[in-house]
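Hi everyone, thanks for making time for this. I'd like to walk you through a structure that may be new to you, so please have a look at it first.

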Amino acid sequence: MNYNFNDIEAKWQKYWAENQTFKASNNSSKPKYYVLDMFPYPSGAGLHVGHPLGYIASDIYARYKRLKGFNVLHPQGYDSFGLPAEQYAIQTGQHPAITTETNIKTYRKQLDQIGFSFDWSREVRTSDPNYYKWTQWIFIQLFESYYCNNDNKAKDIKELIAVFSLEGNANVNVACDDDIELFSAEQWKAKQPEEQQKILLKYRLTYLAKTEVNWCPVLGTVLANDEIVNGVSERGGHPVVRKKMTQWSMRISAYAERLLQGLEILDWTDSLKETQRNWIGKSVGASVSFNINNHDEKIVVFTTRPDTIFGVSFMTLAPEHDLVKKITTPDQKVAIEAYIEKTAKRSERERMADVKTISGVFTGAYAEHPFTKAPIPIWIGDYVLAGYGTGAVMSVPCGDQRDYAFANHFNIPISNIFEGVDISEEAYTDKEKTIIANSDFLNGMNYKKATKRVIYELEQLGQGQGKTNYRLRDAVFSRQRYWGEPFPVYYVNGMPRMIDREHLPVQLPEVEKYLPTEEGEPPLGRAEKWAWCTESNAVVSNDKIDNETIFPLELNTMPGWAGSSWYFFRYMEETNREGVFAGEEALKYWENVDLYIGGAEHATGHLLYSRFWVKLLKDRGFVNIEEPFKKLINQGMILGTSAIIYRISGTNEYVSKGLKEDYDEVEEIRVDVNMVNASDEIAIEKLKNWQPQYENAKFILEEGKYIVGREVEKMSKRWFNVVNPDLICEQYGADSLRLYEMFLGPLEQYKPWNTAGITGVHSFLKKLWKLYVSKDGVNVNNDEPTKDNLKTLHKTIKKVEEDIENFSFNTSVSTFMIAVNELTAQKCTSKSILEPLLVLMSPYAPHITEELYHQLGNSESISIAKFPVFDASHLVESSKNYPISFNGKMRFTIELPMDMSKDAIEKEVLAHEKTKAQLEGRIPKKVIVVPGKIVNIVG
């Protein structure tokens with residue numbers, strides 16, 4: 001019987017599907033364990049061998065927990081809204097839903113053939129109207145909520161309205177916009193409903209506001225910061241500019257402190273926690289208000305160093321700051337406008353990262369120092385961002401290096417306010433050693449005392465107060481796209497109204513094109529039927545809009561992170577998916593995700609937003625948990641090994657790697673890695689047929705071969721280094737793929753793919769097969785195991801269990817190889833040894849272990865077996881094989897009991913026939929005995 005891996009894997013994949021082997025139950029006496037992968041976006045390219053890395057790891061753990069007696073939920077689905085499908089629709093006219101469905105079928109086929117133990121009965125697709133109905137519902141909950149700082153939680157907006165009606169807003173302590181005007185209860189009641197709604201938008205947890213956004217004209221949409229790379233769109237590399245647009249935003253800033261504190265209870269890596277802490281960016285300092293000469297407006301800044309206020313040499317505003325146009329003098333207007341236009345072409349990330357370029361323009365206006373009343377010049381500079389803090393800074397060049405460089409560049413005077421410090425070369429930034437000088441009432445004080453005193457004095461002037469600030473900004477929630485969740489929003493006299501829950505989902509309309517309209521509206525502006533009738537509670541034709549009973553619907557759609565911010569709850573619901581986003585019993589049983597595996601690139605996007613949404617849902621009583629993901633592991637990346645050919649510049653001739661130094665100038669060109677063998681030799685005929693430019697090319701060979709260069713880099717279609725898992729499964733089998741990906745190295749690390757390396761793992765599986773099966777059939781019996789058999793098994797059990805618990809999957813593969821080698825050498829045929837070994841290996845190589853387990857006479861799946869129990873007694877040595885040396889040279893060995901005394905060992909060795917033969921009648925001068933180690937006879 002041969003190891004026919006293709007037939008075996010197809011057989012067991014069919015069995016698992018037909019028997020729903022991995023279907024979880026919401027009613028089980030077993031302890032629960034919820035394992036989840038960050039679900040994939042189904043791209044047209046399908047999976048490459050790098051994608052399954054995290055899925056294999058989570059699958060090993062899910063299978064392991066089942067063997068340990070847990071009721072495991074291990075679902076899968078698709079983050080199926082996305083820009084690529086929309087771009088394809090723009091190019092071809094094909095509806096994104098058709099493209100997405102086709103891509104999902106490809107992904108499902110690929111995932112199935114790798115043998116994942118997913119519970120597909122709970123599949124989620126974010127583009128399914130039955131799913132995004134509840135994404136829309138959660139948006140409505142955000143709209144109907146405000147954040148109460150006193151109770152540190154979100155509450156129903158109706159409670160805030162009741163407070164306004166009773167006492168106005170003077171005493172409310174809530175999260176809100178900065179430009180709040182005070183009103184009494186009588187004034188509130190006197191306001192028109194539309195005016196009340198405008199005010200409430202300043203308090204709601206999702207709200208409409210004019211916001212600085214990253215606008216990509218080519219893609220016709222707003223992009224998040226993580227969708228921009230080096231100032232251009234990640235998708236397509238198109239220019240991105242900053243502009244103000246009316247957008248829906250999420251008031252995530254209200255949850256900044258809870259998001260920060262929540263990290264303390266999570267089993268996440270320190271680096272990931274630190275990334276979120278830095279993104280949230282808590283700072284303690286003071287808010288300071290500067291009057292502007294000849295203007296009623298004030299500049300409000302937040303500073304962590306209020307003790308340096310007497311060192312302020314100038315003010316710097318973000319170019320986008322609302323005050324810039326108001327305060328700029330006529331003679332500076334042209335220069336200011338040119339600088340603003342230039343800055344708009346740079347992304348925020350680019351501006352933050354660029355610490356070398358110094359640029360700015362003087363507005364012509366001056367602020368007034370709160371204490372000295374001296375005029376302070378007001379500049380604009382692109383190193384200040386409108387969305388961070390107040391979009392303005394008090395610039396203290398003696399204490400901040402960036403301000404120091406700015407002041408030197410523009411010849412702005414620098415005051416030294418630090419005692420005994422030389423600032424002729426650079427700023428002084430060590431606040432702990434600071435002693436303040438040249439600062440009136442702060443002279444002689446250290447940092448802490450000066451900070452406390454200046455805050456007190458500012459409060460006395462009414463020009464400042466102590467404050468805790470967060471870098472975390474409210475998240476823009478609108479996208480000018482078609483392929484996304486529609487907002488459940490219609491507009492009455494320009495003010496948003498929510499569509500009632502019973503009328504959800506509001507489904508995407510049909511459009512003729514997927515581009516923005518000629519008037520610049522989002523693609524939904526092209527829909528002929530996109531208005532809401534409040535009488536029929538249905539979507540109707542636009543031409544019926546009368547602003548009495550039929551109103552316009554929102555034209556933007558939600559961002560890609562909307563559907564992924566709560567999908568883990570949807571998987572919990574087993575049956576009732578119509579009436580609730582997840583049933584109360586299901587939420588209570590599964591609680592949250594026990595193990596979450598995915599890429600570190602989601603640290604400041606998906607992982608932050610989902611934590612925010614979960615806290616909101618808890619506050620409003622819809623879930624019972626504060627955090628969605630207990631333990632989180634970021635898998636590393638499998639890198640591609642690109643193939644490079646070398647073109648002699650200016651020709652269509654290509655020289656082999658070893659000969660390229662013979663030519664003055666060669667160009668590196670990447671080619672399809674699948675045309676190259678394990679010896680780095682490219683198949684020239686395949687290359688000639690691959691692209692037309694190579695058809696008549698000349699190839700200069702070395703020893704009759706064309707050898708390519710190699711470069712390890714990200715696996716990408718762009719570099720032609722993508723390896724398709726379908727081909728690997730066809731040639732070596734899914735079990736070989738699974739074992740090899742784990743064998744490459746620690747889960748969290750980056751490691752290069754080398755197809756040639758998989759042959760070693762494949763040979764191991766063949767050897768495993770031969771341990772159980774001979775030419776005549778199964779070669780396993782009920783013989784009693786030997787001590788060596790038991791020792792090999794139990795040291796393997798111990799190591800593998802430790803490895804799985806520590807997610808050290810690579811070392812487990814090595815352990816399996818050692819065990820199979822030892823058992824083969826021991827000629828082990830005992831079922832009591834070989835059957836537990838299969839159970840141990842089954843999470844890693846499920847197909848071959850299922851087949852062999854079945855061959856041993858088991859009728860049920862190996863996935864419901866019990867994980868072998870480690871017995872330490874089998875590792876305790878009862879005897880020792882002593883090396884017997886004569887004058888330091890080992891001649892033979894003797895096996896003696898481990899508890900034998902030193903004298904007894906010496907007596908036993910000297911009496912041995914081989915010892916007598918070595919001594920030839922001589923009496924040894926000395927016998928050195930080290931119990932448990934060696935015996936050396938000198939003489």
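Let's start with a term: a salt bridge here is a side-chain nitrogen of Lys or Arg within 4 Å of a carboxyl oxygen of Asp or Glu. Please keep in mind that what you see is a predicted model.

With that rule, Glu274 and Arg277 make a salt bridge, their closest N and O atoms being 3.2 Å apart. Both sit in helix H10, residues 270–280, and because they are three residues apart there, about one helical turn separates them. Glu274 is partly exposed at 37% relative accessibility, and Arg277 is partly exposed too, at 25%.

Arg670 and Glu713 meet through their side chains in a salt bridge, 2.6 Å from N to O. Arg670 belongs to strand E27, residues 666–671, while Glu713 belongs to strand E29, residues 709–713, and the two are 43 residues apart. Are these residues buried or exposed? Arg670 counts as buried, at 18% relative accessibility, and Glu713 counts as buried at 15%.

Some charged residues join up in a network: Arg258, Arg611, Lys615, Asp619, Glu626 and Glu627 are linked by salt bridges. How many salt bridges are there by this rule? The count comes to 47.

Let's move on to the nonpolar side chains. In soluble globular proteins, these tend to be buried together. Here, the largest nonpolar core has 93 residues, and those with the most contacts inside it are Trp248, Phe477, Tyr567, Phe569 and Trp613. Helix H5, residues 129–143, gives the most to this core, with nine residues. If you click on Trp613, you'll find that its contacts include Thr135, Ile138, Leu142, Met250 and Phe477. There is also a second, separate core of 85 residues, and among its members are Tyr64, Cys828, Met841 and Ile848.

Some nonpolar residues are on the surface, though. Ile928, Val930 and Ile934 form a patch there, with about 190 Å² of accessible area together. Ile928 lies in strand E35, residues 926–930, and is partly exposed at 31% relative accessibility.

Last, the cysteines. How many disulfides are there by the rule used? The count is zero. Take Cys176: the closest cysteine sulfur, in Cys148, is 12 Å from its own sulfur, so the two are too far apart for a bond. Cys176 is partly exposed, at 30% relative accessibility, whereas Cys398 is buried, at 0%.

Key:
Residues are numbered from 1 along each chain as its sequence is written. This is a predicted model: local features need pLDDT of at least 70, side-chain atom pairs count only at pLDDT 80 or more; totals for chains, interfaces and linings use all residues. Side-chain values use heavy atoms; hydrogens and water are left out. Patches are made of residues with over 30% relative accessible area and no salt bridge: like charges are joined within 9 Å, nonpolar side chains (Val, Leu, Ile, Met, Phe, Trp, Tyr) within 5 Å. Accessible areas come from the Shrake-Rupley method with a 1.4 Å probe; for residues, only the protein chains shown count as cover. Helices (H or I, at least four residues) and strands (E, at least two) are DSSP runs, numbered from the N terminus. Buried means under 20% relative accessible area, exposed over 50%, partly exposed in between (1.4 Å probe, protein chains only). A disulfide is a pair of cysteine sulfur atoms within 2.5 Å. A nonpolar core is a set of buried Ala, Val, Leu, Ile, Met, Phe, Trp, Tyr and Cys residues joined through side-chain atoms within 4.5 Å. Contact means heavy atoms within 4.5 Å. Lists of a residue's contacts leave out its neighbours within four places in sequence.
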